[in-house]
Amino acid sequence: MKRIYAIVTGDLVNSRNYNAKIWLPVLENSLKEYSCNFDIFRGDSFQAEVELEKSFEILFYIKAKIKSLGQLDVRLGLGFGSIENLDKHIKNSTGEAFINSGEAFDELKKELMNMRSPWYEWDVPINLMLQLSTELANKWTENMAESVAATFENPLANQQELANILHRKYQSQVSTELNKASFMKIKKVIEYCTHELLKQC
């Protein structure tokens with residue numbers, strides 16, 4: 001049975017309206033959280049190999065980190081499949097996972113997230129859940145996005161600890177921000193999609 005890899009392809013929305021010194025370190029550090037093999041190229045485009053178990057989580061983590069900066073957003077294509085050649089520069093690598101990731105990204109129009117796998121019938125319900133979850137995430141304010149990102153970064157922290165990390169005066173602010181961000185609904189989608197992916201593999 002061939003090994004399945006996960007590849008994320010993306011770029012930033014509205015990046016030309018912002019100084020790269022603001023968003024580039026955030027993007028780079030976000031990718032480092034989930035990947036040991038990534039490239040940022042053509043200014044605001046990027047590609048990363050990620051663990052299957054984290055492949056859906058990273059989509060919403062990157063979105064949270066970028067949206068915490070203001071009016072910026074991100075478009076993301078997630079692809080699964082085999083890899084023929086994994087180069088030290090991931091943009092020079094080849095294989096089914098890269099093709100699927102690139103095609104998932106190229107199919108983006110008004111949507112900001114899309115996924116493609118070798119199991120085409122599976123793609124339809126998963127993409128529907130992703131797109132509905134993205135609609136919720138598109139409404140995140142800077143503070144909501146900060147709280148979501150901090151929760152991903154500190155999965156064992158309670159809300160008082162998160163409030164301290166985020167320099168919020170009250171723990172209730174974090175709770176309110178996560179509720180408004182529909183974080184638990186999005187987290188359930190991430191968990192479901194991840195569970196179903198691992199069954200396919």
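Guide: With a relative accessibility of 7%, S93 counts as buried (under 20% relative accessible area; over 50% is exposed, and in between is partly exposed, using a 1.4 Å probe and protein chains only). This is a predicted model, in which local features need pLDDT of at least 70 and side-chain atom pairs count only at pLDDT 80 or more, while totals for chains, interfaces and linings use all residues. Residues are numbered from 1 along each chain as its sequence is written, and side-chain values use heavy atoms, with hydrogens and water left out.

S93 sits in the loop between β4 (73-81) and α3 (96-106). Helices (H or I, at least four residues) and strands (E, at least two) are DSSP runs, numbered from the N terminus. Leaving aside residues up to four places away in sequence, S93 touches N85, L86, D87 and F98, where contact means heavy atoms within 4.5 Å.

Most residues other than glycine have a negative phi. N14, in the loop between β1 and α1, has a positive phi near 75°. At 38% relative accessibility, N14 counts as partly exposed. S182, in the loop between α7 and α8, also has a positive phi, near 55°. S182 is buried, with a relative accessible area of 16%.

Now the helices. Helix α1 covers residues 20-34. At its start, a side-chain oxygen of N19 comes to within 2.8 Å of the backbone nitrogen of K21. The 15 residues of α1 reach 21 Å from first C-alpha to last, close to the 21 Å expected at 1.5 Å a residue (1.5 Å times one less than the number of residues). The buried residues in α1 include W23, V26, L27, S30, L31 and Y34. They lie on the same side of α1 because they cover an arc of only 130° around the axis, the arc being that of the directions from the helix axis to the C-beta atoms. The cover over the buried residues of α1 includes β1 (5-13), β2 (37-41), β3 (45-50), α2 (57-67) and α5 (142-153).

The axes of α5 and α7 (residues 171-180) come within 9 Å and cross at roughly 100°. Axes are lines fitted to C-alpha atoms, for helices over the stretch in contact, and angles run from 0 to 180 degrees between N-to-C directions. The two helices, α5 and α7, are therefore roughly perpendicular to each other (65 to 115 degrees; under 35 is roughly parallel, over 145 roughly antiparallel, and the rest oblique). At this crossing, N143, M144, S147, V148 and T151 in α5 meet V174, E177, L178 and K180 in α7.

In α7, the buried residues are V174, E177 and L178. They are on the same side of α7, because they cover an arc of only 95° around the axis. On the other side of α7, N179 and K180 are exposed. The cover over the buried residues of α7 includes α5, α6 and α8.

H195 counts as partly exposed, at 47% relative accessibility.

How values were computed
Polar contact = N/O pair within 3.5 Å; in protein donor to acceptor, adjacent residues only side chain to side chain.
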